[in-house]
Amino acid sequence: MDFDQDLAGVLAASVKNLDPPVTRIVAESARLGREQQRAQRLRALRVGGASLAVAAVLCAAVVTSQLRDRGAPVPPPPADPASATASPTASPSQSALPADAQLTPDAMVKLLSDRLPAGGTFVKYQQPYTDHDPAEELGAFLRYDDGHGTATFQLTLRKETRPFPAGGRTPGARDTSLRCDSGPQRPSGPPPGPLSCRTRFLADGSWEMVSATDAAVPGLYGYQVAIWRPDGDVLVLSEFAGTINAYGHKEAATRAEPPVPLAQWQDIAESPDWQFHVPRTLVDEGARLASGIPRAPFPES
């Protein structure tokens, strides 16, 4: 019992004389508290930053989707297979088909018909050059009515026996008659005057002459485009503002101008489809078209 009392007295005296480092304990506690708060804030920032990043991605996706919807047409819903129909396709041009048949006058009429303005009608069809080899020369004479007066078309494709000038030399009078100084020219008349004639080389090396003249009959204008190709083929397309036969008589002016403007007539002549060998489909379509055009003998008496 006395021992216990003595021990208690010793402990009391020890505590009484103890001088604890209160300042250091308080400072260390404050430091530990700040570090714990800093760690908590960092964890909160990491969680918040991740949330903001996710939100930003979602927001950008929504905005991009809305902008795309405003800037581009909305695609149509998928078609019902049961109600879908095939879209029509355009027919290929003649130059895209194999040239497996000989050109015919009827096929030339078809080539011209496909390029004329709508609303006109062929009222007479004649075939010249029937005594010539069609592999060397062929053509067609046509009377045409578009409601503004009867007109005449003359189509000719032939082989030139003289050689095409070499080395880019301009054809001279000894080479060809397709020159602006080779025929009579009358003074300027009514529209579409003034009279004109010009020549040039085309991109493929062909020689072209384009003329507008009333040399046959004053006031009866004719537009002519003649193309001499390096391979020897010569294409001559002529149209007249009236009626004229193969020999240049029985002429009559029926309108002020030919039915097709000169620039368009030039485009028709420059088409690559005017060839001695053409697709079989063109020959067949030409025969069907020509069968409905009134025929006349050539030449007419």
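Let's begin with a helix: H4, residues 262-269, lies across S4, S5, S6, S7 and strand S8 (233-240), and runs at about 30° to S7. Keep in mind as you look that this is a predicted model.

The strands under discussion belong to an open sheet. The sheet has 7 strands, in the order S2-S3-S4-S8-S7-S6-S5, with antiparallel pairing. Strand S2 (121-126) and S5 are its edge strands, each pairing on one side only. Neighbouring strands of this sheet are turned by 20° against each other on average, direction ignored.

Let's walk along the sheet from S2. This strand is joined by 5 bridges to strand S3 (residues 137-145), and the two run antiparallel. To find one of these links yourself, look for Gln-126, whose bridge partner in S3 is Phe-141. Another helix, H3, lies across S2, S3 and S4, and runs at about 45° to S3.

Now turn to S7. How many of the 9 residues of S7 are buried? The count is 8, so S7 is largely enclosed by the rest of the structure. S7 pairs with S8 in the antiparallel sense over 7 bridges, and the bridge partner of Ala-226 in S8 is Val-236. These two strands form a hairpin with 4 residues between them, and Gly-232 in the turn has a positive phi of about 100°. S7 is also joined to S6, by 8 bridges, and this pair runs antiparallel. Here Ser-211 has Gln-224 in S7 as its bridge partner. The hairpin of S6 and S7 has 2 residues between the strands, and its Gly-219 takes a positive phi near 95°.

Let's zoom in on one residue of S6. Met-209 sits in this strand, which covers residues 207-217. Is Met-209 buried or exposed? Its relative accessibility is 6%, and because buried means under 20%, Met-209 counts as buried. Among the residues that Met-209 touches are Leu-178, Cys-197, Thr-199 and Val-225. Met-209 and Leu-178 are 31 residues apart in sequence, but their C-alpha atoms are 6.1 Å apart in space.

Next come the nonpolar cores. The largest has 37 residues, and those with the most contacts inside it include Leu-112, Phe-122, Phe-153 and Trp-265. Helix H3 (residues 105-113) gives the most to this core, with 5 residues. A second, separate core of 8 residues includes Phe-164, Leu-178, Trp-207 and Val-234.

Finally, let's look at the aromatic rings. The whole structure holds 6 aromatic pairs. One of them joins Phe-164 and Trp-228 edge-to-face, with 5.0 Å from centre to centre and 75° between the planes. This pair links distant parts of the chain: Phe-164 is in the loop between strand S4 (150-159) and strand S5 (196-201), while Trp-228 is in strand S7 (residues 220-228), 64 residues apart. Both Phe-164 and Trp-228 are buried. Phe-201 and Trp-207 also form an edge-to-face pair, at 5.0 Å centre to centre and 70° between the planes. In this pair, Phe-201 counts as partly exposed, at 33% relative accessibility, whereas Trp-207 counts as buried, at 4%. Elsewhere, ring pairs link Phe-122, Tyr-144, Phe-153 and Trp-265 into a cluster.

Technical notes. Residues are numbered from 1 along each chain as its sequence is written. This is a predicted model: local features need pLDDT of at least 70, side-chain atom pairs count only at pLDDT 80 or more; totals for chains, interfaces and linings use all residues. Side-chain values use heavy atoms; hydrogens and water are left out. A nonpolar core is a set of buried Ala, Val, Leu, Ile, Met, Phe, Trp, Tyr and Cys residues joined through side-chain atoms within 4.5 Å. Buried means under 20% relative accessible area, exposed over 50%, partly exposed in between (1.4 Å probe, protein chains only). Contact means heavy atoms within 4.5 Å. Rings of Phe, Tyr and Trp (its six-membered ring) pair if their centres lie within 6.5 Å; planes under 30 degrees apart count as stacked, over 60 as edge-to-face and the rest as tilted. Two strands pair if DSSP finds at least two bridges between them. Axes are lines fitted to C-alpha atoms, for helices over the stretch in contact, and angles run from 0 to 180 degrees between N-to-C directions. Lists of a residue's contacts leave out its neighbours within four places in sequence.
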